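Hi,

Here is the structure I promised to pass on.

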Amino acid sequence: MPNGVRFNDDYPVIQESERLLARARGLVPALTQTLAKGPGQYVRGVAPVYLARGKGARVWDVDGNEYVDWQMGIGPLVLGYGHEAVDEAIRRQLADGITFSLVHPLEVEVAERVRDVVPGAEMVRFSKTGCDVTTAAVRLARAFTGRDKVLCCGYHGWHDWYVAVTDRNAGIPQVVRDLTYTIQYNDLQSVRDALDGDVACVILEPAVFEEPRGGFLGELKKLCHANGSLLVFDEMWTGFRVALGGAQQRWDVTADLACFSKAVANGMPLSVLTGRRDVMSLLERDVFFFTTFGGEALSLAAARATIDVLREHQVPAHLERQGTRLREGYDELARTLGLAWTKCVGLGARTLVTFPDLPTKSLAQQELLKRGVLWGGFHNVSFSHGDAEVDHTLAAWREVLPIVARAVESGTVASALRGEPVEPVFRKTSQFHTKPKPRNQ
């Protein structure tokens, strides 16, 4: 009998996952299309590799094991799997068509909804992935300012301008690598040190697991504008979650350009670039950013329905409430156990559990899987995460944390693992938090 969302007697049987994995080896590079979903991010030999279906906040793997899912497709499922209003909108549109030879009315209707809820959204352009629109924003900033350099903070996708500052930068020319540098969050001095006359924009995630302090976002905007640079918000995670209008609404700072994806269409592939009319209007002619599937109608129908549900049901408030319960419950448990080396941090909609190293995190993941909880380090809260899911997860943590604590204290974490531990994703390189090189070097 497959495992369920309960305290199971043993770890899940994953025979069908293993069979599919064997077929993928040598055929699918890295065994996944999305790094955060791949087998390297889970305890190999214990964790499922392939999921077959989902409903609400729960998923079933190809072996029939059921889990409370805290990954939620790595972010897009803000309402949960199979939300009926969104699925019905997709079905209705599917009956009429998917992609057309001329512009579809949904392109206007969804753009109007985005304009209604997102501060500063004077013009709206659609694409498919988050890195599409962050890259378009960087190109727009360079065109508008006549400058080349970019300062960034956070994760912004796989394109050359960003991945150049990671250790996965093979294939990127040195001349491109020399144009992107990073700043430190909540550290205005790192911004002052990095800004110069060739910085086109500062692009950052306006919040990840730490809130802006001391008016950081507002002061950052002032520094950018004083330097003639644009401010770009990458709102892949904050958009439609921390507030209906994202970080710009929550912290009352309007960026020059803002980029969205993930939550906007509840799992359908859609991304959104918005911002100032004088900047966005360069897309009319000067800056080329067009794609065949930008106006694909199923995703736009899903986005229209998703935004309506988010607004009607005050979904961001639900995410904050349930996520706060989870964060505070975890931290109270850690305090009770006297564990200073672990903490749950972040905004309600998305929290991160910190551990001293990857093997310790892997052991926690392994034990949660046995208790019917799919967890990769984060609690990505959806509208479908009700009290039952939060209660079960906290009950699982109450069993799991003492197991992990005993292994840490006895130095037996590695031997307690039944498979290979989780792998790191990126390593920082020398251009993290350094002042950009002058243009003539």
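**What I found**

First, Thr360: this residue sits in helix α13, which covers residues 358-370. Keep in mind that the model is predicted. Thr360 has a relative accessibility of 2%, so it counts as buried, the cut-off being under 20%. What does Thr360 touch, leaving aside its neighbours within four places in sequence? The contacts are Trp341, Phe355, Val404, Val408 and Val413.

Next, Val118. You'll find Val118 in the loop that runs between α3 (105-117) and β4 (123-127). Although it is a loop residue, Val118 counts as buried because its relative accessibility is 4%. Not counting residues up to four places away in sequence, Val118 is in contact with Phe240, Gly245, Gln248, Phe260 and Thr274. Take Gln248 from that list: along the chain, Val118 and Gln248 are 130 residues apart, yet their C-alpha atoms are separated by 7.6 Å.

Last, helix α4. The helix takes in residues 130-145, 16 residues in total. From first C-alpha to last, α4 reaches 23 Å, close to the 22 Å expected at 1.5 Å a residue. Which residues of α4 are buried? They are Gly130, Cys131, Val133, Thr134, Thr135, Ala136, Ala137, Val138, Leu140 and Ala141. If you step just past the end of α4, you get to Gly146, which has a positive phi of about 70°.

That's what I have for now.

Cheers

How values were computed: Residues numbered from 1 in each chain as written. Predicted model: local features only at pLDDT ≥ 70, side-chain atom pairs only at ≥ 80, totals over all residues. Heavy atoms only, no water. Helix = DSSP H or I, 4+ residues; strand = E, 2+ residues; numbered from the N terminus. Buried < 20%, exposed > 50% of the residue type's maximum accessible area, 1.4 Å probe, protein only. Contact = heavy atoms within 4.5 Å. Expected span 1.5 Å × (residues − 1).
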